[in-house]
Amino acid sequence: MDNKSSTPRITCAYLSQYVGKLVTVVGKVVQLRGEEATIDADGTIHAFLNREAHLSANNGVQLIGKVNPDLSIKVLSSVDLGQGVDYNLANAVVEVTHRYKPLFVYEN
Amino acid sequence: MAGYGGYGGGDGGGFMSGSQQGGSQAGGSKYADESLRPVTIKQLLDWEETFPGAELAIDGHPVTQVTIVGQVRSVKPQPTNITYRIDDGTGAIDVKKWVDSEAQGGEDGGSGAGAIAPDAFVRVWGRLKILGGKKHISANFIRQIEDFNEVNYHLLEATYVHLFFTKGAPGSGGAKQEGGGGDNMFVDQGYGAGGGDVAMGGAGPGGGNSAMQARLATCSRNAQIMCNFINNSPGGTEGVNLHVIAQGTRMSVRDITNAADELLGQGIIYTTQDDETWAILDY
């Protein structure tokens with residue numbers, strides 16, 4: 001029952017490699033329009049939110065969701081991270097997790 | 001795991017000799033072998049118990065206590081413990097926090113659950129336990145994370161410790177003056193890579209050296225030592241022979257051959273007069 005699946009951390013640049021997969025994105029909320037949000041995660045990502053989402057513009061957010069073929073994200077879970085998120089750090093972590101995949105990602 | 005068998009099980013005190021290279025001198029003292037290692041959940045799930053009761057070892061090094069950071073997916077209060085399912089994006093694992101029946105019920109009863117709600121980020125300290133083939137962490141302590149950056153910090157720290165054990169301490173040993181550079185490389189990649197693919201070796205004509213250094217940072221310690229030695233030798237395009245390297249670095253011929261294969265694979269060096277003479281491939 002060990003849950004051997006990961007939700008890789010990605011930025012905008014990695015979207016195309018993860019179509020149809022679950023991913024984690026940390027970014028800044030640029031714009032909110034109803035159930036649609038624009039997130040900056042080293043590039044602009046469009047996200048379709050679920051009902052439970054409570055985001056605020058200019059705050060950090062962690063999204064977990066599925067990458068659509070048009071490279072938007074269908075959000076399954078979102079957490080407002082407030083102010084003070086170090087986005088450079090978050091982007092660096094994305095690079096590190098891709099560089100040392102055996103520590104972070106189950107491949108398949 | 002792979003490195004585990006190499007330590008042999010015969011030494012006294014029931015502890016592996018391997019743990020003593022971590023700097024402790026006390027033979028057989030369990031207390032001296034205590035460690036607290038930051039890990040990802042995937043590292044814990046990937047570990048296979050080689051025999052029942054085997055000590056947890058990651059990257060060939062024994063680990064007693066671990067710390068993880070993740071998000072709470074579910075909370076199940078039970079009579080004797082509270083079971084949290086923790087997910088850090090690399091995997092998910094159950095964490096059991098035993099309820100202290102001595103303490104007054106109000107604080108840690110199932111109802112309060114320490115006020116840790118689903119979706120909260122938490123840091124956990126504890127030990128990996130296996131029960132009926134299923135892994136869980138028996139937590140000494142769980143606390144909610146206030147600053148989200150701690151989540152990212154933890155992932156970098158786990159990577160750092162992994163690299164420390166697999167590639168050696170940054171700038172340690174006979175790594176000559178470039179050793180310090182090795183230290184910086186990790187940080188550089190971490191922070192610089194946000195902008196593009198420093199890490200992939202964006203080998204522009206101008207950035208040849210730094211691109212090489214970035215690639216070198218992914219190599220084993222032997223490869224780094226060898227590369228630095230060649231770099232500091234007057235061989236130039238003639239290259240430096242295997243035996244000169246062996247003498248200069250005090251590495252075995254076999255280690256050098258392996259390191260050379262690695263460096264050749266990375267395109268950092270090339271062979272010159274014969275198969276046992278190498279020079280740095282400069283842009």
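Is Phe148(B) buried or exposed, and how many C-beta neighbours does Phe148(B) have inside 10 Å? Phe148(B) counts as buried because 22 C-beta neighbours lie inside 10 Å. The legends below start from this residue. The model is predicted: local features need pLDDT of at least 70, side-chain atom pairs count only at pLDDT 80 or more, and totals for chains, interfaces and linings use all residues. Residues are numbered from 1 along each chain as its sequence is written, while chains are lettered from A and ligands numbered from 1 in the order in which they are written.

View 1. Look for Phe148(B) in the loop between S8 and H3 of chain B; helices (H or I, at least four residues) and strands (E, at least two) are DSSP runs, numbered from the N terminus. A residue is called buried if 20 or more other C-beta atoms lie within 10 Å of its own, exposed if 12 or fewer, and partly exposed in between, with C-beta atoms placed from the backbone. Setting aside neighbours within four places in sequence, Phe148(B) is in contact with Gly60(A), Leu81(A), Val85(A) and Phe121(B). Contact here asks that the C-beta atoms of two residues, placed from the backbone, lie within 7 Å.

**View 2. Where chain B meets chain A.** Here 30 residues of chain A are in contact with 26 residues of chain B. On the chain B side, two or more residues each come from helix H1 (41-46), strand S8 (134-144), helix H3 (149-167) and helix H4 (178-192). H3(B) gives the most to this side, with 7 residues. By type, the chain B residues that touch chain A divide into 9 nonpolar, 12 polar and 5 charged. In this count, Ala, Val, Leu, Ile, Met, Phe, Trp, Tyr, Cys and Pro are nonpolar, Asp, Glu, Lys and Arg are charged, and the others, Gly among them, are polar.

**View 3. The nonpolar cores.** A nonpolar core is a set of buried Ala, Val, Leu, Ile, Met, Phe, Trp, Tyr and Cys residues joined through C-beta atoms within 7 Å. The largest has 54 residues, and those with the most contacts inside it are Val25(A), Ile39(A), Ala47(A) and Ile86(B). Helix H1 (residues 87-99) of chain A supplies the largest share of this core, 6 residues. A second, separate core of 21 residues includes Val240(B), Ile245(B), Ile256(B) and Ile269(B). Back in the largest core, Ile86(B) touches residues beyond four places away in sequence, among them Ile41(B), Ile68(B), Val72(B), Ala92(B), Val122(B) and Val124(B).

**View 4. A three-stranded sheet in chain B.** This open sheet of 3 strands has the order S9-S11-S10 (chain B), with antiparallel pairing; strands pair if DSSP finds at least two bridges between them. Strand S9 (240-241) and strand S10 (269-271) of chain B are the edge strands, each pairing on one side only. S10(B) is joined by 3 bridges to strand S11 (residues 277-280) of chain B, and the two run antiparallel. Follow Ile269(B) across and you will find Ile280(B) opposite, in S11(B). Helix H6 (residues 221-231) of chain B packs on the sheet, touching S9, S10 and S11 of chain B, and its direction makes about 80° with that of S11(B). Axes are lines fitted to C-alpha atoms, for helices over the stretch in contact, and angles run from 0 to 180 degrees between N-to-C directions.
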